[in-house]
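The sequence and the model are shown first.

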Amino acid sequence: GGGSRKRRTDEMELSSSLSRLVLPRAVSRRDLCVLPGKFAWRLAIDLTVVSCDGHPLDACALAVRAALAGTRLPAVTPVQRDNTAA
């Protein structure tokens with residue numbers, strides 16, 4: 001119904017705001033790069049808002065920053081095979 005449609009719209013707006021406002025300051029694209037122009041780590045962050053008594057953007061932004069602060073990506077070394085990195 002109308003309630004679930006509004007909830008999906010709110011979720012998309014929250015996701016868009018977090019991507020635009022939090023991620024650029026919390027993660028360096030250079031740190032995600034494995035092989036320039038070819039391979040990079042892709043981050044996926046799932047959030048669950050249990051209760052919405054205030055402004056969820058603030059709480060979600062803090063949660064994302066805390067999660068990313070504790071994230072460690074494994075060191076990888078690209079291997080060259082037949083003129084392509086794999």
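D46 counts as exposed because its relative accessibility is 77%; here buried means under 20% relative accessible area, exposed over 50%, and partly exposed in between, with a 1.4 Å probe and protein chains only. D46 sits in the loop that runs between β2 (39–40) and α4 (56–69), where helices (H or I, at least four residues) and strands (E, at least two) are DSSP runs numbered from the N terminus. V64 is 18 residues from D46 in sequence, and their C-alpha atoms are 9.1 Å apart in space.

The model is predicted: local features need pLDDT of at least 70, side-chain atom pairs count only at pLDDT 80 or more, and totals for chains, interfaces and linings use all residues. Residues are numbered from 1 along each chain as its sequence is written, and side-chain values use heavy atoms, with hydrogens and water left out.

**Helix α1**

Helix α1 has 20 residues and reaches 28 Å from its first C-alpha to its last, close to the 28 Å expected at 1.5 Å a residue. The expected span is 1.5 Å times one less than the number of residues in the helix. L14, S17 and L18 are the buried residues of α1. They lie on the same side of α1, because they cover an arc of only 95° around the axis; the arc is that of the directions from the helix axis to the C-beta atoms. G2, R5, M12 and R20 are exposed on the other side of α1.

Which residue forms a salt bridge with K6? The partner is D10, and the closest N and O atoms are 3.1 Å apart. A salt bridge is a side-chain nitrogen of Lys or Arg within 4 Å of a carboxyl oxygen of Asp or Glu, and a search of the whole structure finds one. K6 and D10 are separated by about one helical turn, because they are four residues apart in helix α1. An α-helix has 3.6 residues a turn, so residues three or four places apart point the same way. K6 counts as exposed at 52% relative accessibility, whereas D10 counts as partly exposed at 36%. Further along the chain, L18 is 12 residues from K6 in sequence and 18 Å from K6 in space, C-alpha to C-alpha.

E11 also has its place in helix α1. E11 counts as partly exposed, with a relative accessibility of 47%. C60 is 49 residues from E11 in sequence, yet the two C-alpha atoms are 11 Å apart.

**Helix α4**

The end C-alpha atoms of α4 are 20 Å apart, which agrees with the 20 Å that its 14 residues should span at 1.5 Å a residue. Buried in α4 are L57, C60, A61, V64 and L68. They share the same side of α4, because they cover an arc of only 105° around the axis. L62, A66 and A69 are the exposed residues on the face of α4 turned away from its buried side.

**Pockets**

A pocket is found on a 1 Å grid over the protein atoms alone, as an open set of points where a 1.4 Å probe fits, with protein on both sides within 12 Å along at least five of seven lines; lining residues have an atom within 4 Å of a point. Grid points are joined across faces, edges and corners, and a volume is the space filled by probe spheres set on the points. Ala, Val, Leu, Ile, Met, Phe, Trp, Tyr, Cys and Pro count as nonpolar, Asp, Glu, Lys and Arg as charged, and the others, Gly among them, as polar.

| Pocket | Volume | Lining by class |
|---|---|---|
| Largest | about 850 Å³ | 18 nonpolar, four polar, six charged |

The largest pocket is lined by 28 residues, of which S15, L18, S19, L23 and I45 are the closest to its centre. Helices α1 (2–21), α2 (23–26), α3 (29–32) and α4 each supply at least two residues of this lining. The most comes from α1, with seven residues.

The second largest pocket is lined by A26, V27, S28, D31, L32, L43, L68, T71, R72 and L73. L32 lies in helix α3 and is buried, with a relative accessible area of 14%.
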